[in-house]
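Morning, everyone. Please bring up the model, and we will walk through it piece by piece.

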Amino acid sequence: MELEKKPVDHRRKKSIQVVFIVFMGLLVFFTIFSNTLQSLALPKVITEKPAKGSLVFTIEGSGNLQPLNEANLSNAAGWKARQILVKAGDLVTKGQQLIIYDSKTAERELEDEMTSLDKQKIALESIQDQLIQSTMDGDELKIRNARRDLETRKLDLGLQERKINDLKDRLSIQKELTAPFDGVITKVNSAQGLASAGEPDIVMTNSSLGYRFELVADSSRLSSIAISAGEKVEVEVHAAQEQQSRIIDGTLDEVANAEPRTASSSNEGIGKSVAIPQKILRVKVVDPGLKGGEQVQIKLEKRSRKEGLTLSNEALHQDREGMFVYKIDEQRGAIGNVFIVRKVRIHSYEMNGYETMIQSDSIYEDDMIVLESSEPLQDGNQVRLQ
């Protein structure tokens, strides 16, 4: 009997072991399956790690070249142009004739005044003869009268001579228009046979001094890259008569204050705006092939002076308290690691078009920062990594 019981007990124990193993297996399976299902329901996130470095800022703008030294030349007398000797685009030298004016009226006026001077000289001689005759006659009263008349005539004679000299000078200056310096004729408004219509007869520029154009940038950005006057920049020139643009060297001639621009502020609330300080950058170019008016543009790329941790702009978020990022905390679990998002405040930041450099005591290079999420996140949410 005892021999028969032993095989039965052995089979029973074996069956119990099998059932237990199957039960435990099913328990593990359903636990893992349950966690897997739960994990699949979690928000899916894409992360990136911060990189240590600086930001690249781009300053770009376009405009038209304006001369550094431009002269508006006109005839002060308003005379008609008799002969125009130059046209727009001509290179001229200092003292070169540009326009000859019709000065006949001034020349006739000068001749009349010279005739009047001759008459006064004849009248002076008559007074001198009277003085001689009065002296011979010994008439003291006539002598005194003759002397007074003689001094008056001499004063009138001097006044007339000065008037004639002034007319000669004006005629010499105004009968022609000459170039005040070496340069380029940029515009001719005068027409032959006509007087000036209010605009300058000739506009010319001093090409040797160069040209410049202006662009405006945010003061904070310029401060970040420490840009200053004297820096060299490449200028792309587009001339109307040239099919292709060309690159010439330019110099940042001046950095000056400009009117601030206004922008909406997400921190201040709806309808609020803030003033953003601006700077004017004046770029100077000197090139013998330039004539002024050409369209130009620059694109200046420089790294920021400060370094920090850089992230994609998509990683940053903002609420009423300021800027923050979602950082991943990895926690060990019994059947695998769990990933929890934590909201971390940003103390300061700088942004360019695609990256942000942040300053925070709670973020390091090895941290995982949420870049994208399949669902809106809250501090403490459990997520799954893609």
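Start at Gly230, which sits in the loop between α4 (219–225) and β13. Helices here are DSSP runs of H or I with at least four residues, strands are runs of E with at least two, and both are numbered from the N terminus. Before going on, the ground rules: this is a predicted model, where local features need pLDDT of at least 70, side-chain atom pairs count only at pLDDT 80 or more, and totals for chains, interfaces and linings use all residues. Residues are numbered from 1 along each chain as its sequence is written, and side-chain values use heavy atoms, with hydrogens and water left out.

The cut-offs are under 20% for buried, over 50% for exposed and partly exposed in between, with a 1.4 Å probe and protein chains only. Now look across to Thr251. Gly230 and Thr251 are 21 residues apart in sequence, yet their C-alpha atoms are 5.9 Å apart in space.

Next, β13 itself, residues 232–238. β13 belongs to an open sheet of 7 strands, ordered β3-β16-β13-β14-β15-β12-β4, with antiparallel pairing. Two strands pair if DSSP finds at least two bridges between them.

Take the two neighbours of β13 in turn. With β14 (residues 246–264), β13 pairs antiparallel over 6 bridges. There, Glu234 stands opposite Asp249. With β16 (residues 295–303), the count is 3 bridges, again antiparallel. On that side, Glu236 has Gln297 as its bridge partner, and His238 has Gln295.

Now the faces. In a regular strand the side chains alternate between the two faces of the sheet. On β13, the covered face carries Val233, Val235 and Val237. The uncovered face carries Lys232, Glu234, Glu236 and His238.

Which residues of β5 are covered? Ala71 and Leu73 are, while Glu70 and Asn72 make up the uncovered face. β5 is joined to β11 (residues 202–205) by 4 antiparallel bridges. Within that pairing, Asn72 stands opposite Val203, and Leu73 has Ile202 as its partner.

On to the helices. The axes of α2 (residues 104–137) and α3 (residues 140–174) come within 9 Å and cross at roughly 165°. Each axis is a line fitted to C-alpha atoms over the stretch in contact, and angles run from 0 to 180 degrees between N-to-C directions. That crossing angle makes α2 roughly antiparallel to α3, a label that takes angles over 145 degrees. By class, their contact has 15 nonpolar, 7 polar and 13 charged residues. Nonpolar means Ala, Val, Leu, Ile, Met, Phe, Trp, Tyr, Cys and Pro; charged means Asp, Glu, Lys and Arg; the others, Gly among them, are polar.

Last stop: Thr356, in strand β22 (residues 355–359). Thr356 is buried, with a relative accessible area of 0%. Its side chain makes a polar contact of 2.5 Å with the side chain of Asn313. A polar contact is a pair of N or O atoms within 3.5 Å; within protein, one must be able to donate a hydrogen and the other to accept it, and residues adjacent in sequence count only if both atoms are side-chain atoms.

Technical notes:
Angles under 35 degrees count as roughly parallel, over 145 as roughly antiparallel, 65 to 115 as roughly perpendicular and the rest as oblique.
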